[in-house]
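Dear colleague,

Please find below the structure that I am handing over to you. My notes on it follow directly after.

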Amino acid sequence: MSCPDCFRGHDHVGTPTGTETELHGLRTYVTEPPPDASRRPDSSVIVIVSDAFGWSTVNLRMLADSYARRLGCRVYLPDFMDG
């Protein structure tokens, strides 16, 4: 059985910093890590598959931005569900 915290979420506050582009025929939100001299360039990527609320929600894009910033890699959020 799930605990009550499993049903509670939170909104990420802010404005997404990535860009929208087309990648292999899919609209895709792409975000990069910020330039940081203490970090080595990394060729790793993360692909996030959106939930039923879709790829364009601010909360999901802010999560992608957070992953890029904290992990130092490029993050893709494609529109697999065609809107």
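A68 is a residue of helix α1; helices (H or I, at least four residues) and strands (E, at least two) are DSSP runs, numbered from the N terminus. This is a predicted model, in which local features need pLDDT of at least 70 and side-chain atom pairs count only at pLDDT 80 or more, while totals for chains, interfaces and linings use all residues. Residues are numbered from 1 along each chain as its sequence is written, and side-chain values use heavy atoms, with hydrogens and water left out.

Helix α1

With a relative accessibility of 0%, A68 counts as buried; buried means under 20% relative accessible area, exposed over 50%, and partly exposed in between (1.4 Å probe, protein chains only). The C-alpha atom of A68 is separated by 6.6 Å from that of T31, although the two residues are 37 residues apart along the chain. Helix α1 comprises 14 residues (58–71), which at 1.5 Å a residue should span 20 Å, and the 20 Å between its end C-alpha atoms agrees with this. The expected span is 1.5 Å times one less than the number of residues in the helix. Besides A68, the buried residues of α1 are L60, R61, M62, A64, D65 and S66. Their cover includes the strands β1 (19–23), β2 (26–31) and β4 (74–78). After α1 comes G72, which has a positive phi, near 70°.

Salt bridges

Three salt bridges are found in a search of the whole structure, a salt bridge being a side-chain nitrogen of Lys or Arg within 4 Å of a carboxyl oxygen of Asp or Glu.

One of them joins the side chains of R61 and E20, at 2.9 Å from N to O. Because R61 lies in helix α1 and E20 in strand β1, this pair ties together parts that are 41 residues apart in sequence. R61 is buried, at 8% relative accessible area, whereas E20 is exposed, at 51%.

Another salt bridge brings together the side chains of R27 and D79, at 2.7 Å from N to O. It links distant parts of the chain, with R27 in strand β2 and D79 in the segment after β4, 52 residues apart. Here R27 counts as partly exposed, at 42% relative accessibility, and D79 is buried, with a relative accessible area of 4%.

A further salt bridge is formed by the side chains of E32 and R74, at 2.6 Å from N to O. E32 lies in the loop between β2 and β3 (45–47) and R74 in strand β4, so this pair ties together parts that are 42 residues apart in sequence. E32 counts as partly exposed, with a relative accessibility of 42%, as does R74, with 33%.

Which residues does S50 contact, leaving aside its neighbours within four places in sequence? They are W55, L60, L77 and M81, where contact means heavy atoms within 4.5 Å. S50 is placed in the loop between β3 and α1 and is buried, with a relative accessible area of 8%.

M81 also takes part in a nonpolar surface patch of about 480 Å², together with V45, V47, V49 and F80. Patches are made of residues with over 30% relative accessible area and no salt bridge; like charges are joined within 9 Å, and nonpolar side chains (Val, Leu, Ile, Met, Phe, Trp, Tyr) within 5 Å. Accessible areas come from the Shrake-Rupley method with a 1.4 Å probe, and for residues only the protein chains shown count as cover. V45 belongs to strand β3 and, at 44% relative accessibility, counts as partly exposed.

With kind regards
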